[in-house]
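These are my notebook entries on one structure. I set down what I looked up, entry by entry.

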Amino acid sequence: MKAKSLRVVAWEATKACRFKCIHCRAEAQINPDPNQLSTEEALEMVEEITSFSKPLLIVTGGDPLLREDVFKIVEYASLKGLDVAMALSGSKLTSSVVGRMKKAGVRTVSISIDGHNAEVHDRFRGVTGAFDEALKATRAVKDCGLDLQINTTISKYNVNFLDEIRSLVLSLGASSWDLFMLIPTGKGRIEMEVEPKEYEKVMSFIYELSRILSMNVKMTCTPHYVRFVIEKESGEGNLRIKDFVEAARMRGARGCMAGNGYCFISHIGEVYGCGFLPISAGSIREKPLKEIYEGSMLFEKLRDRSFLKGKCGLCRFKAVCGGCRARAYGVFGDLFQQEPYCFY
């Protein structure tokens with residue numbers, strides 16, 4: 001199946017991080033991997049991306065600020081015409097560092113806040129004082145005039161504090177709030193997940209917020225939120241799904257993009273459908289990114305919804321949802337199995 005144009009590339013600049021998050025996808029470590037992409041390889045990666053697409057480039061980690069050459073690479077990406085965002089841990093982010101980010105061409109900074117207070121957030125991050133550092137980081141981003149996005153990973157540890165976290169996010173002046181439903185990969189475990197019925201409550205909460213807030217509110221790693229929004233927008237009666245897809249996007253809902261409009265490049269150059277799906281489609285050290293993205297067997301299968309199994313394979317929403325392939329893999333060991341936390 002033909003690939004959609006590449007709209008988003010997330011690059012794991014390094015696995016190094018000062019935090020010890022209990023749900024960390026990357027299983028981050030304090031020191032960088034000596035085999036991570038060199039400066040020259042990272043610049044070549046930017047060249048490959050821009051040779052066939054102009055996606056949003058999200059520089060993530062670990063903590064990308066622990067990579068000494070990160071500003072050089074970001075500046076080059078900006079000069080090549082890419083919009084650049086940085087996803088940060090929030091550790092030791094000062095106004096001077098944010099100023100360097102802005103000068104290099106970063107437009108948006110996302111900071112992870114997983115609790116409404118230090119007790120909840122610091123438990124997630126595994127480091128005392130992480131909550132206070134995150135709050136200081138958000139102020140530094142706002143003071144420098146960059147767009148601030150707050151990322152929150154939802155699990156059984158904080159699902160009962162969504163309204164309190166919402167209040168905090170609004171008080172910080174964020175332009176967007178992105179809620180990630182936990183995926184059992186890396187350090188994340190199935191027992192950290194909320195129940196399917198709680199997923200529905202979270203989706204209902206976010207849907208109602210999207211109708212009243214001027215701040216952009218969206219959900220990531222919850223492709224079945226598309227189904228939820230379409231049902232709400234259509235009045236839950238007989239519907240033509242395609243008539244409501246754009247409305248769903250406006251509410252911050254999108255189906256699984258793994259390998260189809262989105263890809264993730266690891267710190268050593270392995271290319272994945274997303275950062276939560278630990279099956280490589282190839283390495284940019286061995287093949288051009290365009291060849292991997294457009295022609296790898298893994299990505300071709302991810303783009304073909306006929307491979308879906310179980311209720312996802314039968315669902316009338318599969319073309320616009322697709323279920324989370326990473327969550328299916330994490331729970332069943334089969335990336336084409338049904339989305340295990342969809343209540344539909």
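Before reading the sheet, I noted that two strands pair if DSSP finds at least two bridges between them. Helices (H or I, at least four residues) and strands (E, at least two) are DSSP runs, numbered from the N terminus. I recorded that this is a predicted model, in which local features need pLDDT of at least 70, side-chain atom pairs count only at pLDDT 80 or more, and totals for chains, interfaces and linings use all residues. Residues are numbered from 1 along each chain as its sequence is written, and side-chain values use heavy atoms, with hydrogens and water left out.

**Entry 1: the sheet.** I looked up the strand order and found ten strands in an open sheet, β7-β6-β5-β4-β3-β2-β1-β8-β9-β10, with mixed pairing. At the edges stand β7 (216–220) and β10 (280–283), each of which pairs on one side only.

**Entry 2: β2 and β3.** In which sense do β2 and β3 pair? Strand β2 (residues 56–60) and strand β3 (residues 84–88) are parallel, joined over three bridges. I found Ile 58 bridged to Ala 85 of β3, while Leu 57 stands opposite Val 84 in β3.

Entry 3: I took buried to mean under 20% relative accessible area, exposed over 50%, and partly exposed in between (1.4 Å probe, protein chains only). Five of the five residues of β3 are buried, so the strand is largely enclosed by the rest of the structure. On one side I listed Val 84, Met 86 and Leu 88, and on the other Ala 85 and Ala 87; both faces are covered.

**Entry 4: α1 against α2.** Two packed helices are described by the angle between their axes and the distance between the axes. Axes are lines fitted to C-alpha atoms, for helices over the stretch in contact, and angles run from 0 to 180 degrees between N-to-C directions. I read an angle of about 20 degrees between α1 (residues 39–52) and α2 (residues 70–79), with the axes 10 Å apart. The two helices are therefore roughly parallel, a term for angles under 35 degrees. Contact means heavy atoms within 4.5 Å; here α1 contributes Thr 39, Ala 42, Leu 43, Val 46 and Glu 47, and α2 contributes Lys 72, Ile 73, Tyr 76 and Ala 77.

**Entry 5: α4.** In helix α4 (residues 118–125) I found Val 120, His 121, Asp 122, Phe 124 and Arg 125 buried. Their cover includes β4 (106–112), α5 (130–143) and β5 (147–154). Asn 117 caps the N-terminal end of α4, with a side-chain oxygen 3.2 Å from the backbone nitrogen of Glu 119. After α4 comes Gly 126, whose phi is positive, near 75 degrees.

Definitions and conventions. A polar contact is a pair of N or O atoms within 3.5 Å; within protein, one must be able to donate a hydrogen and the other to accept it, and residues adjacent in sequence count only if both atoms are side-chain atoms. Angles under 35 degrees count as roughly parallel, over 145 as roughly antiparallel, 65 to 115 as roughly perpendicular and the rest as oblique.
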